[in-house]
Amino acid sequence: MCEEPLPEPAVDTHCPYCALQCGTRLTGDRAAGVTVEPTGFPVNQGRLCQKGWTAPEVLTVADRLLTPLVRGRDGRLAEASWDTALDTVAEGLRRIRAHHGPDALAVFGGGGLTNEKAYLLGKFARVALGTGQIDYNGRFCMASAAAAGNDAFGMDRGLPFPVTDLARARTVLLAGANVVETMPPLMQHLKRARLIVIDPRHSATAHRAALHLQPAPGTDLALGLGLLHLAIEEGLVDRAYVERRTRGFDAAARRALGWWPERVEAETGVPVSDQRTAVRLLAESHHSYVLTGRGVEQHRQGTATAAAFINLALALGLPGSPDGGYGCLTGQGNGQGGREHGQKADQLPGYRSLTDPADRAHVAGVWGVPPDRLPEPGRTAYELLDALGGRTGPRALLVLGSNPAVSAPHSARVAERLASLDLLVVADFVPSETARMADVVLPVTQWAEEDGTLTSLEGRVLRRRALLTPPPLVRSDLRILHDLAVRLGEPADRYPTEPREVFEELRAASRGGRADYSGISYDRLDAGESLHWPCPDTPAPHPGTPRLFLDRFAHPDGRARFADVDHLGPAEDTSDDHPVYATTGRVVTHYQSGAQTRRVAELSEAVPEAFVEIHPDTAARFGLTDRSLARITSARGGMTARVRLDPTLRADTVFVPFHFTGDGRANLFTHPALDPRSGMPEFKVSAVRLDPLPE
């Protein structure tokens, strides 16, 4: 008799890219290869974007890191054993800490790390290293909207409602969000809605909009104030909601009344008629939503700008309503969970505060250390990178899940600071630009080789499941943190290596916090339960909270807060030397710094190099033609890109994607001016000049 062939291994998991966390089924093994299929998971409903379909190719890239590397006396990285690599790191950390103190050690995490990794990384930094110098690349992504959400609602969850609620929408304002390219499967939930898109570009999303508002870069806050002005002037404010559910309206209204429509048009370039149409569409629809993205948040006034759009939503009675709402489109794969569990400079697990004595005591109790052993908050991401190697800055840096040599603003400066370190350690699965600068490189597992949890943009906690066994000399981030902690004198049981065990500890640490995961378990998730935080541990299993704020907001009095904000403008204006604005963003085939997607042939062939979109009239002014090469230069530095003429672009603005490396790094020219509340750099506005280059 012929034996039945064994079924191919398969697991249900989630895409490794954005915060939509589309459901996927992986099938196969290393010998036969891995294939991916979308599942009927609610956010993607059987669809994937091009990145999701090609994700398995990253598992087999030719330059996958498969063994530790240590830089020798000849200046070259060479293969080493794990003991040699880890001993080198631990000895360097001990030496630097002994000579310069614990804050001479720093840690830089990432918004793509699982909840378990983010949690243990924060614990490792604060307890094993004793340093307050920890932050992560999510500071460059979600920090402004998070700060504005906490101020307004007392809680920060990207979408305080399920993605599927958007299918009922009749009008959706997308402020600084190019969903067609950054989250394509989300568009199926918006197909019934009239879209109002705010973007200096006529993006792929703007192309589908009923109304496109095209402000000058750096003027979104003025536009948000002007829209609130018109809602007040035209009697569209939901006065009963404002009285019953909010505080601070009068101060916000006084500020907005200084931004009459004609003044807003003069500042932003958005016609008065379009401003009025936008407000009326939002106010007169039964199901309206205001959603913000990086376009309005990555500014030195990013928190205030996000707050201005929250103000508009509150005035129209949308947040906490079953008929609409406000939300922020979180970007990175675990951008939500990654900012909840302790890798932010000022934060402890469960979205607890490092400055709150009760929060410190609770987490210290879970960790088995006295509260005074926990350091005070350290520098935010760019401040941390800018201080590296300086007189009072860190002298050693451990990087997990990030590529700051490409992703940070003023990246030439950041590269200089990285090079000045006494010890740079990078854990990654490909030789990223940051890894190539490291003294020690530690090869880690990829998404299909590890278990864990992530939290999607709607606050739903999801299970990542391993299909493949990691290559023989590759270790998990959890194992690396454990091994380093033990070498630094910590008890081994304080740093678990199994994701399930780490999650159990995370549950305890988050108990009673704003992001309470204590009622969530692997068993419940594996049984198929849909659990959104907060989900406290209760005698009868708590069902989770898919929709926040229906009865009250998270402030002690249950009311939301309007913000008293005003427009100041960008950190630098155009000049004779730098006469146009440059703004940056993503394209559909690439992700973040491109370390993964630039290694996938199909994606790299689709967009193989950096480009700059320019209006034809602007190109003619600078002697540029379509497909020619241009140099884009700011006061900080410059990059080279291929010209693409685009007659829909503003004549005072050029657009550059930020996924490329070398001389194609957009962040060579971006501005490091920081939002005082969130620490967000001003990625979206730089004054530049354009020069033609020979081919």
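Trainee: What covers the buried residues of α9?
Mentor: Please note that this is a predicted model. The cover of the buried residues of α9 includes α7 (220-233), α8 (239-245), β11 (246-247) and α13 (302-315).

Trainee: And which residues of α9 are buried?
Mentor: In α9, which spans residues 249-256, the buried residues are F249, A252, A253 and A256. They lie on the same side of α9, because they cover an arc of only 100° around the axis.

Trainee: Which exposed residues sit on the face turned away from that buried side?
Mentor: That face of α9 carries D250 and R254, which are exposed.

Trainee: At what angle do α7 and α9 pack?
Mentor: The angle is about 105°, and the axes are 8 Å apart. The two helices α7 and α9 are therefore roughly perpendicular to each other. On the α7 side, L225, L228, H229 and I232 make the contact, and on the α9 side F249, A252, A253, R255 and A256 do. The residues of this contact comprise 7 nonpolar, 1 polar and 1 charged.

Trainee: Turning to the strands, how many residues of β16 are buried?
Mentor: In β16 (residues 396-400), 5 of the 5 residues are buried, so the strand is largely enclosed by the rest of the structure. A396, L398 and L400 point one way from β16, while L397 and V399 point the other way.

Trainee: Which strand is joined to β16 by 4 bridges?
Mentor: That is β6 (residues 105-109), which runs parallel to β16. Here F108 stands opposite V399 of β16. Strand β17 (residues 423-428) is also parallel to β16 and is joined to it by 5 bridges, with V399 opposite V426 of β17.

Terms used. Residues are numbered from 1 along each chain as its sequence is written. This is a predicted model: local features need pLDDT of at least 70, side-chain atom pairs count only at pLDDT 80 or more; totals for chains, interfaces and linings use all residues. Side-chain values use heavy atoms; hydrogens and water are left out. Buried means under 20% relative accessible area, exposed over 50%, partly exposed in between (1.4 Å probe, protein chains only). The arc is that of the directions from the helix axis to the C-beta atoms. Contact means heavy atoms within 4.5 Å. Axes are lines fitted to C-alpha atoms, for helices over the stretch in contact, and angles run from 0 to 180 degrees between N-to-C directions. Angles under 35 degrees count as roughly parallel, over 145 as roughly antiparallel, 65 to 115 as roughly perpendicular and the rest as oblique. Ala, Val, Leu, Ile, Met, Phe, Trp, Tyr, Cys and Pro count as nonpolar, Asp, Glu, Lys and Arg as charged, and the others, Gly among them, as polar. Two strands pair if DSSP finds at least two bridges between them.
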